[in-house]
Amino acid sequence: GDTIPTDGNVMTITRKEPVGVVGQIIPWNYPLAMLAWKWGPALAVGCTIVLKPAELTPLSALYMGQLVKEANFPPGVINIVTGFGATAGAAVAEHMDIDKVAFTGSTQVGRLVMQAAAKTNLKRVSLELGGKSPLVIFADAESIDEAVEIAHNAIFFNHGQNCCAGSRTFVQDEIYDEFVKKSAEKAATRKVGNPWTTVEQGPQVNDTQFK
């Protein structure tokens, strides 16, 4: 722990301990990476885990659960609960025996997680929420072609299904028309199709994301 400066013949120490049971709610856009980012820190400091994967992509988490059993993790250290956010996710956020909840997802649901934590046992909350990430391109950019490439990848990476996707692009007037023309040409050449073939983009996760 940390030793805290004090006056007199005394010593004060802050002892760092595991939080306890950590509820983790992850999104569908990076199902395996999100799981690893959530599990690693919690396990490293001695916490136990209740993970709720997204209902659209539960198989990655369930397979990891199988590997956990094969690796002989002690029973109860890692627990996986599948289901919809309004039921399984809410149960994690509200549960009185969960000491902290870590949520990655939309701002709207993040508010609900905070409310649930506040109304129950005041569990600790950490949130990683989506947004509208801006990309600003000025007329003095060294290469407009490179700027087009950066903007293209910023919005199309992972099919645009990214919490920090460059979904707003601001371009200075002097190069605006040329940038738009080249960006449209770049987008038109993007290969979309079966992800198991030589394409740049496979399907969206569902019809909502497609529209």
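**Pockets, core and salt bridges of a predicted model**

The residues lining the second largest pocket divide into eleven nonpolar, three polar and four charged; here Ala, Val, Leu, Ile, Met, Phe, Trp, Tyr, Cys and Pro count as nonpolar, Asp, Glu, Lys and Arg as charged, and the others, Gly among them, as polar. This is a predicted model, in which local features need pLDDT of at least 70 and side-chain atom pairs count only at pLDDT 80 or more, while totals for chains, interfaces and linings use all residues. Residues are numbered from 1 along each chain as its sequence is written, and side-chain values use heavy atoms, with hydrogens and water left out.

The second largest pocket has a volume of about 220 Å³. A pocket is an open set of points on a 1 Å grid over the protein atoms alone, where a 1.4 Å probe fits, with protein on both sides within 12 Å along at least five of seven lines; lining residues have an atom within 4 Å of a point. Grid points are joined across faces, edges and corners, and the volume is the space filled by probe spheres set on them. Of the 18 residues that line the second largest pocket, Val22, Pro41, Ala42, Val45 and Lys100 lie nearest its centre. Two or more lining residues come from each of strand S3 (21-25), helix H1 (31-44), S6 and S7; helices (H or I, at least four residues) and strands (E, at least two) are DSSP runs, numbered from the N terminus.

Turning to the largest pocket, about 900 Å³ of space lies within it. Its lining has 38 residues, and those nearest the centre are Phe103, Thr104, Gly105, Ser106 and Val109. Helix H3 (85-94), strand S6 (100-105), helix H4 (107-119), strand S7 (124-129) and helix H7 (207-210) each give two or more residues to this lining. H3 gives the most, with six residues. By class, the lining of the largest pocket holds 18 nonpolar, 15 polar and five charged residues. Helix H3 also contains Ala90.

The largest nonpolar core has 13 residues, of which Ile26, Leu35, Trp39, Ile49, Leu51 and Ile78 touch the most other members. Such a core is a set of buried Ala, Val, Leu, Ile, Met, Phe, Trp, Tyr and Cys residues joined through side-chain atoms within 4.5 Å. At least two core residues are supplied by each of H1, strand S4 (48-52) and helix H2 (59-70), and H1 gives the most, with four residues. Leaving aside neighbours within four places in sequence, Ile26 is in contact (heavy atoms within 4.5 Å) with residues including Leu35, Leu51, Lys52 and Thr104.

Lys52 also takes part in charge pairing. The structure holds six salt bridges, each a side-chain nitrogen of Lys or Arg within 4 Å of a carboxyl oxygen of Asp or Glu. Lys52 pairs with Glu55, their closest N and O atoms being 3.4 Å apart. Lys52 is buried, with a relative accessible area of 3%, whereas Glu55 is partly exposed at 39%; buried means under 20% relative accessible area, exposed over 50%, and partly exposed in between (1.4 Å probe, protein chains only). Arg15 forms a salt bridge with Glu17, with the closest N and O atoms 2.7 Å apart, and both Arg15 and Glu17 are exposed. In helix H6 (residues 173-188), Lys182 and Glu178 are separated by about one helical turn because they are four residues apart. Their side chains meet in a salt bridge (3.4 Å, N to O), and a network of salt bridges links Asp145, Glu178 and Lys182.
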